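Please look over the sequence and the model shown here. A short report follows them.

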Amino acid sequence: MSALQRPLLLLIAGVISYGALLGPFTTYMKHKPVEEKLGYVPSVNLLRYVSADQKEFVGAALLMKIMMYFGGLMDRQDPNVIAERPDYLGMSNMIHTALKLDPYNMDGYYFAQSFLTWDVKQYAIANKLLEYGMKYRTWDWYLPFFAGFNHAFFLKEYKKAAEYYQRAGELSGEPLYFSLAGRYMQESGQTDLAIVYLSMLEKGEKNQAVKKNYQIRLAAFKEVRRIELARDHYLKAGRALPVTVAALIHSGLLSPPPADPYGGQFYIEADGKVVTTSRFSFAEAKNDSRNKAGEPGERH
Amino acid sequence: MASIISITLKGIFRDRIFQGIMALAVLFLFIPSAASLSMRQVTELSITLSLSLISFIQLLLAVFLGATAIWKDIERRYTSSVLSLPLSRTTYLVGRFCGIALFLLFTALFLGSVSLLVIKASSTMYPPSRPLHWSAITAAIFFDALKYIIVVAVAMLMATVSTSFFLPIFGAVSTFLAGTITQQVYDYLQTPSAQKAISEVVRNAAQIVYYLLPNLSGFDLKVHAIYSIPLNTSGLLLTALYFVAYTAIMLAIAAILFERRELK
């Protein structure tokens with residue numbers, strides 16, 4: 001056996017074994033549950049020291065990790081499958097850490113705004129984060145725009161909303177925000193304003209997972225608006241509250257019947273407000289369908 | 001001196017270090033596609049990744065070239081033949097340092113040019129919300145190179161007293177890590193809560209360490225480059241002067257120690 005034969009045999013055996021293992025190993029890694037988890041992130045104080053002169057890079061890497069995690073979950077969202085609830089607490093902690101490392105990173109504020117408000121309903125935390133960002137990104141009109149929306153739509157604090165929209169208008173020079181500032185001085189057309197807000201974000205979004213998220217929410221709000229218009233026609237015809245979605249469909253005012261893209265059911269509350277059992281979330285829709293399995297009828 | 005610088009540069013190129021850097025520079029080609037994953041700041045992420053990659057490559061070069069240059073010469077007994085020539089040890093040491101420093105500047109120029117092209121490509125595909133501040137990006141690359149030249153000086157200082165390469169390598173890495181956080185520690189010690197919680201002796205000791213270690217955070221201009229934040233010209237001038245003074249001190253100490261070192 002020549003000197004080269006042994007290493008050559010070893011190399012061939014190695015390549016064959018590697019080729020045979022590659023398929024099962026890739027499948028194993030693909031389905032590994034830990035891939036779904038956000039994992040442990042050391043405290044921001046430690047990261048700040050350990051990341052040395054790479055704070056911006058570490059911040060961006062943490063945000064990328066969250067986006068990939070969220071993107072993976074969004075790709076599998078299907079109303080017919082039990083949805084896994086994202087680890088919102090972990091996502092929030094990681095975003096806070098990333099923004100402590102790089103307080104200028106817009107992706108962090110943008111992403112936090114998208115889930116802290118609609119999904120987790122942590123408006124105070126979202127607004128605090130936006131306020132923090134405004135101290136650094138002094139030129140950016142998006143942050144006051146988001147804060148204005150949160151104050152008006154979620155918190156019903158119209159004076160505060162008007163202040164933020166005024167600031168967004170001054171920074172962007174866009175007359176739309178000045179007009180929104182005026183509109184938010186009074187509570188009116190909340191659904192319309194949500195549609196304007198979501199349409200604007202959806203249009204400028206290029207991350208497909210987040211864009212899909214906005215598209216679904218936008219579709220849900222458009223359905224809500226359709227029901228609201230039908231309800232208004234119903235009331236104009238001299239009829240009174242309460243009214244049900246089924247009654248609107250039977251009266252021919254609502255055609256085709258509304259469909260909640262989250263898999264929930266729309267209903268009209270006693271005061272006429274249109275809501276959905278999904279609360280604009282896949283996880284909520286699943287919880288609701290499990291809770292009232294076998295309970296037909298519409299809520300009032 | 002010029003011949004030592006020239007020999008150092010030739011040695012670095014002969015060791016195919018530059019080819020290694022060029023191979024690593026292939027990573028720049030992937031930056032625009034990696035940055036496109038960002039939701040709202042693609043160009044900013046391109047700048048972040050480009051500057052981080054340059055910084056990482058320069059750190060490796062500074063630590064390994066700075067720590068091994070003198071040690072290798074002593075180990076291979078090159079110093080015996082070189083120093084038998086009419087050449088002082090100080091000239092030899094400073095020549096070696098200047099050769100490595102020039103190579104770092106050359107690498108910064110090469111990698112910086114590649115990164116500017118990458119950033120330009122990203123900004124053309126995804127225009128940033130604010131106009132790019134090219135001078136800040138260039139300044140960030142240049143000051144990063146200065147920072148790593150200080151690390152080279154520290155590594156060479158340690159190499160003059162060390163009999164193995166462990167002390168210069170780990171010493172340079174530790175000094176680099178410590179040098180990037182001294183300012184944060186110093187700022188924290190000035191806060192009222194730290195003054196209550198930490199004893200005066202510890203605070204004074206930390207202050208001495210703050211002045212002894214290089215303050216490398218002053219050379220980090222990445223935030224200015226990434227988010228187009230205006231640079232402070234007088235601050236930059238002070239930082240450049242700090243670089244000259246600190247490097248001179250390190251080299252002077254290294255030269256004194258090297259002059260007194262017994263070489264077989």
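## Basis

This is a predicted model: local features need pLDDT of at least 70, side-chain atom pairs count only at pLDDT 80 or more, and totals for chains, interfaces and linings use all residues. Residues are numbered from 1 along each chain as its sequence is written, while chains are lettered from A and ligands numbered from 1 in the order in which they are written.

## Chain A overall

Chain A has 13 helices and two strands. These are DSSP runs, numbered from the N terminus: helices are H or I with at least four residues, strands are E with at least two.

Of the 300 residues in chain A, 34% are buried. Buried means 20 or more other C-beta atoms within 10 Å of the residue's own, exposed means 12 or fewer, and partly exposed lies in between; C-beta atoms are placed from the backbone.

## Helix 6 of chain A

Helix 6 of chain A spans residues 123–136. Its buried residues are A:A126, A:N127, A:L129, A:L130 and A:G133.

The buried residues pack against helix 5 (106–116) and helix 7 (142–154) of chain A.

## Chain B against chain A

In chain B, 20 residues are in contact with 19 residues of chain A. Contact means C-beta atoms, placed from the backbone, within 7 Å. Helix 4 (42–75), helix 8 (166–189) and helix 11 (222–227) of chain B each supply at least two residues of the side that touches chain A.

Terms used: Two residues are in contact if their C-beta atoms, placed from the backbone, lie within 7 Å. The expected span of a helix is 1.5 Å times one less than its number of residues.
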